[in-house]
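User: I would like to learn how to read a few features of a structure. Please show it to me and take the features one by one.

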Amino acid sequence: MSSPEGTPFLTYHDPVQSAVIEQDRAELPAERIRRQWGAISVPFWIGVSRIVLGVVFAHLVVVLLPQARQHLTGGTLAGGSWLGAFDRWDSAYYTGLAQHAYPVDQASHAAFFPGYPLLIAIVHGVSLGTLSYFHAALVISWISLTAASVVLYRLATRLFSERVALIATVLFCWFPASLFFLSAYSEAFFALLILIVITLLVQERFLAAALVAAFASATSPESVALTIALMVTAVMAGKGIARVVAYGAISGLGLLGFMLYLWDQFGHPFEFISVQKDWMRSEHFPFVGLYRNILALRHYVTGPGSPRPGATSPTFTNIKWVWLLDDACLVVAAVLAVTLIVLYVQRRGAAEGSESSAIPISLVVVTFIVVLLATCTTISPYALPTYASSEGQERFVSIAVPLFVAGALVIRRRPSLVAFAVGGSVIVALVFQAMYNLGYWVT
């Protein structure tokens with residue numbers, strides 16, 4: 001085989017590549033570690049600082065406000081515990097599934113996908129029981145948040161610039177719903193899987209992306225966004241129909257395995273859909289929950305109201321403000337999703353590596369699908385059985401990580417907007433976390 005110039009292949013060298021190789025060989029291991037650490041230290045410390053500040057803040061909240069009371073039966077308060085303040089609401093379901101799997105007499109638990117509980121059980125087992133199921137869940141979430149920060153920063157730096165990457169990473173770590181990244185919830189782990197899949201798709205490593213997406217499909221129903229993004233990216237890369245279908249099939253293996261398990265356990269492979277009514281969730285046209293929330297504004301003024309027939313707990317006072325925050329989050333997410341689509345169209349064919357470089361189609365598809373699913377999902381409040389709200393959308397939107405990149409692209413050249421966005425996110429995140437740590441329902 002010969003080089004393009006006709007010289008023997010074995011004697012042909014790329015001068016730039018050869019120089020890099022020689023530099024790596026001459027570099028001492030300690031120097032190489034320092035260089036590699038320098039490339040990830042900024043996002044690493046952003047993620048770690050969010051965890052440390054969150055834990056310390058939670059401890060102070062629980063200690064300084066010991067007389068706080070929930071307005072809904074079922075919440076728990078941890079007396080002075082550093083970590084117990086994150087053992088709230090759905091965390092009990094995830095750790096319970098890790099410990100006991102899916103009880104035959106409690107089909108409603110099928111709403112929680114098994115990927116995260118399975119990992120909790122593995123970490124608990126590897127630690128030989130040193131880590132409780134709850135502590136194992138926190139370790140997974142914290143490592144996932146830190147790793148996701150690093151992956152997001154490196155991806156945004158490669159595609160755009162360090163400034164965009166820095167803003168996006170800070171917004172991701174301090175998003176108002178970021179308290180769930182610190183808790184025994186699957187959001188941080190799933191966000192990491194999303195970022196890994198997108199990074200692999202940008203590198204056109206389709207099989208690896210499909211394998212990661214397969215585990216993601218066993219972690220959250222929103223993984224359908226990854227399957228669609230994978231297939232669209234493969235088509236645009238010129239892959240044959242057989243490969244596109246194969247990648248899509250592989251990416252759904254986790255969901256398929258879960259469905260087979262539900263079929264065996266409960267006699268219904270789509271039990272995770274059927275039980276949504278037990279959690280008062282349903283699918284409608286986009287923004288129906290937002291629209292019905294507007295119709296119910298007078299209830300925000302008059303108070304929480306009485307329990308619905310057969311219910312034992314009223315809608316509690318803080319939930320009306322949570323709904324409004326979810327509404328605002330949904331609107332902002334929709335605007336940023338549309339903005340990302342517009343930027344994608346405007347930048348097609350642009351060179352990579354600058355703030356005006358092309359936007360990968362995978363970022364657009366994942367964002368659009370996740371936000372669309374969020375806009376279509378509604379919940380029927382306790383005291384307002386004839387209405388539906390957008391409750392929970394802030395947590396669902398938090399996994400649409402490309403939204404933070406879109407936000408960074410929009411505000412990057414306006415320091416006042418950057419300060420407002422970051423400062424506002426931090427303040428709301430701490431208020432939201434304080435409510436959660438005290439046992440209030442937040443989303």
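**Surface, cysteines and cavities**

Analyst: Val52, Val56, Leu60, Val63, Leu64, Leu65 and Trp82 make a nonpolar surface patch of about 640 Å². This is a predicted model, in which local features need pLDDT of at least 70 and side-chain atom pairs pLDDT 80 or more, while totals for chains, interfaces and linings use all residues. Residues are numbered from 1 along each chain as its sequence is written, and side-chain values use heavy atoms, without hydrogens or water.

User: Where is Leu65 found?

Analyst: Leu65 sits in the loop between α2 (29–64) and α3 (91–100); helices are DSSP runs of H or I with at least four residues, numbered from the N terminus. With a relative accessible area of 44%, Leu65 is partly exposed, since buried means under 20%, exposed over 50% and partly exposed in between (1.4 Å probe, protein chains only).

User: How many disulfides does the structure hold?

Analyst: A disulfide is a covalent bond between the sulfur atoms of two cysteines. The structure holds zero disulfides, the cut-off being a pair of cysteine sulfur atoms within 2.5 Å.

User: Is Cys329 buried or exposed?

Analyst: Cys329 counts as buried because its relative accessibility is 12%. Cys376, at 14%, also counts as buried.

User: What lines the second largest cavity?

Analyst: Rolling a probe the size of a water molecule over the atoms shows where empty space is left. On a 1 Å grid over the protein atoms alone, a cavity is a set of points where a 1.4 Å probe fits but cannot get out, and lining residues have an atom within 4 Å of a point. The second largest cavity is lined by Leu152, Leu155, Leu195, Ile198, Leu363, Val401, Pro402 and Val405. At least two lining residues come from each of α5 (133–159), α7 (187–202) and α18 (402–411).

How values were computed: Patches are made of residues with over 30% relative accessible area and no salt bridge: like charges are joined within 9 Å, nonpolar side chains (Val, Leu, Ile, Met, Phe, Trp, Tyr) within 5 Å. Accessible areas come from the Shrake-Rupley method with a 1.4 Å probe; for residues, only the protein chains shown count as cover. A salt bridge is a side-chain nitrogen of Lys or Arg within 4 Å of a carboxyl oxygen of Asp or Glu. On a 1 Å grid over the protein atoms alone, a cavity is a set of points where a 1.4 Å probe fits but cannot get out, and a pocket is an open set with protein on both sides within 12 Å along at least five of seven lines; lining residues have an atom within 4 Å of a point.
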